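Subject: Structure handover

Hello,

The structure we discussed is below. My notes on it follow.

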Amino acid sequence: MDDTLIDVLAGHRRAGRGDRLALVDQRASVTYAELERAVVARARELRAAGIGPGLRVGVVLTSSLGSVVDFAAVTSLHAAVLVLQDRAGAAERAAALADFGAARSLVDGLVTELGPVEPGDGGWSFAVTSSGTSGRPKVISRAWAGTLRNSAGFARGFGLGPDDVVLTTSPLGHSYAIEAGTLAVLSAGACQVVPPGPLTPARAALLAERHRPTVLQSVPVVLDWWGRGEVPRAGGWQRCVSAGDVLTAGAVAAWHEAGVPVYDHYGNSELGQLTLTPAGGQGAVGRPLPDVGLTAGSDTPAPVAAQYPGLAPVRMEAGRAVPLADGAGWVTTGDLGVLGDDGLRLTGRSDLLINIGGNKISPAEVESALRGLPGVSDCAVVGRPGPAGESQVWAFVEAGADEFDAAALRRGARELLVAVKVPSVIRRVDRLPRTGSGKIRRGLLMEADA
């Protein structure tokens, strides 16, 4: 397999696909041949600026052609690259750069010196920040070649090909968007459309009519929002893929009614893309992708562990690498699940279990029950201390002020759950706090002033 993105682009040109569109942003579009020339020229400039093998570089990725060119050029120079989100705050970005031990940053095309140059100490690697849903984001780094191979495997598993046009709704600084999006699209010779930011359903429908995307790569909250806005019937959608959070029946209903299949996808910052399946049930994320190993509970939920060859993931702390995999390459994901004949079914996060009198309560189970009750658009369940310091189940519910009835929701929950799992506190929110990729920021909901 080709190891650099320049190799990938050149391979499509040699195969006669150089005149096919590779990327479309809000201002321009480029073919594979044009993108190859731009990346080669930019790599030449960055090499002259001192970027080379093993140098640790933080790259702020935006949903733009120039940003993708910068990313492709830096990785093609065999640097150690940390992808940063353009919407991250200054303090969060600085902390990530410090943990990575970055010597340079690349923001809006400008290279800035951050620390002493130590060529070769970072290896040829790719790093991302975790979502930070339950606390401060972590910096996870892995081998570049394995990362590119993993994205190519996802593209094959999902059936991406040169005729596909993929609309990616998450910002490219998120690992899901760049790995299951940009890297997967380029490996398949497809075209990626990257809008400048969140699109209303009306704007999304106009974009779909203009660019005729065949694939929507998104998250449950956007699928739900656009589904209620008639986007599934605009353009020429052939399928959707969702990741990052629980894919509810409500989020896929409008797409299925329009005849557009929706796939659920499971991956993480440590190992990339892990499973893929047609949407069919809450928590079901399907069978592992090629070369992915998975373990979990057989009858009852147990910690999920995964492996993928050639990644060697580490967590970066103050410039030091802390291995995450055991001797056989297995990494504990932090999720709980059951692995059966139909694949993996997730049941929650091990670090979010609520312990009440020795009873371990999965927030995912309580959320599933609440989402089926009248007036609940979405919800998040966390553990918080009660008046005497005891653990309590708290539910934050997205609902209209006129539709919200905490007492009725508690009665409905009692019919579906054993008493210890029924929320002690149910609060209405206009919107749940989310990351840029759509994940609920549960850590914020656990704080005393949430």
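A search of the whole structure turned up 1 cavity of 30 Å³ or more. Please keep in mind throughout that this is a predicted model.

Cavity

The volume of the largest cavity is about 40 Å³. Its lining consists of Arg149, Asn150, Gly153, Phe154, Arg156, Gln273, Leu289, Pro290, Asp291, Val292 and Tyr308. Helix α5 (residues 144–158) gives the most to this lining, with 5 residues. By class, the lining residues of the largest cavity are 5 nonpolar, 3 polar and 3 charged.

Second largest pocket

The second largest pocket holds about 960 Å³ of space. It is lined by 37 residues, and those nearest its centre are Val221, Val222, Trp225, Arg431 and Arg434. Three helices, α8 (220–227), α9 (249–257) and α10 (363–371), each supply at least two residues of the lining. The largest share, 6 residues, comes from α8. The lining of this pocket has 14 nonpolar, 13 polar and 10 charged residues.

Helices α1 and α6

Helix α1 (residues 5–17) packs with helix α6 (residues 175–188) at an angle of about 35 degrees, and their axes are 9 Å apart. On the α1 side, the contact is made by Leu5, Val8, Leu9 and His12; on the α6 side, by Leu183, Leu186, Ser187 and Ala188. Sorted by class, this contact has 6 nonpolar and 2 polar residues, with no charged residues.

Two other residues of α6 may be of use to you. Ser175 is found in this helix. It counts as buried because its relative accessible area is 17%, and the cut-off for buried is under 20%. Not counting residues up to four places away in sequence, Ser175 touches Val128, Ala180 and Ser269.

Gly181 also lies in helix α6. Gly181 is buried, with a relative accessible area of 0%. Leaving aside neighbours within four places in sequence, Gly181 is in contact with Thr168, Tyr176, Gln192 and Gln217. Gly181 and Cys191 are 10 residues apart along the chain, and 9.9 Å separates their C-alpha atoms.

Helix α2

The buried residues of α2 are Tyr32, Ala33, Leu35, Glu36, Val39, Arg42, Ala43 and Leu46. Just after this helix, Gly50 takes a positive phi of about 100 degrees.

His78 is not a glycine, yet has a positive phi of about 65 degrees. This residue sits in the loop between α3 (65–76) and β4 (80–85). With a relative accessible area of 31%, His78 is partly exposed, since that class covers values between the cut-offs of 20% and 50%.

Asp108, which is not a glycine either, has a positive phi of about 55 degrees. Its place is in the loop between β5 (104–107) and β6 (110–113). Is Asp108 buried or exposed? At 72% relative accessibility, Asp108 counts as exposed, because the cut-off for that class is over 50%.

Regards

Notes: Residues are numbered from 1 along each chain as its sequence is written. This is a predicted model: local features need pLDDT of at least 70, side-chain atom pairs count only at pLDDT 80 or more; totals for chains, interfaces and linings use all residues. Side-chain values use heavy atoms; hydrogens and water are left out. Axes are lines fitted to C-alpha atoms, for helices over the stretch in contact, and angles run from 0 to 180 degrees between N-to-C directions. Helices (H or I, at least four residues) and strands (E, at least two) are DSSP runs, numbered from the N terminus. Contact means heavy atoms within 4.5 Å. Ala, Val, Leu, Ile, Met, Phe, Trp, Tyr, Cys and Pro count as nonpolar, Asp, Glu, Lys and Arg as charged, and the others, Gly among them, as polar. On a 1 Å grid over the protein atoms alone, a cavity is a set of points where a 1.4 Å probe fits but cannot get out, and a pocket is an open set with protein on both sides within 12 Å along at least five of seven lines; lining residues have an atom within 4 Å of a point. Grid points are joined across faces, edges and corners, and a volume is the space filled by probe spheres set on the points. Buried means under 20% relative accessible area, exposed over 50%, partly exposed in between (1.4 Å probe, protein chains only).
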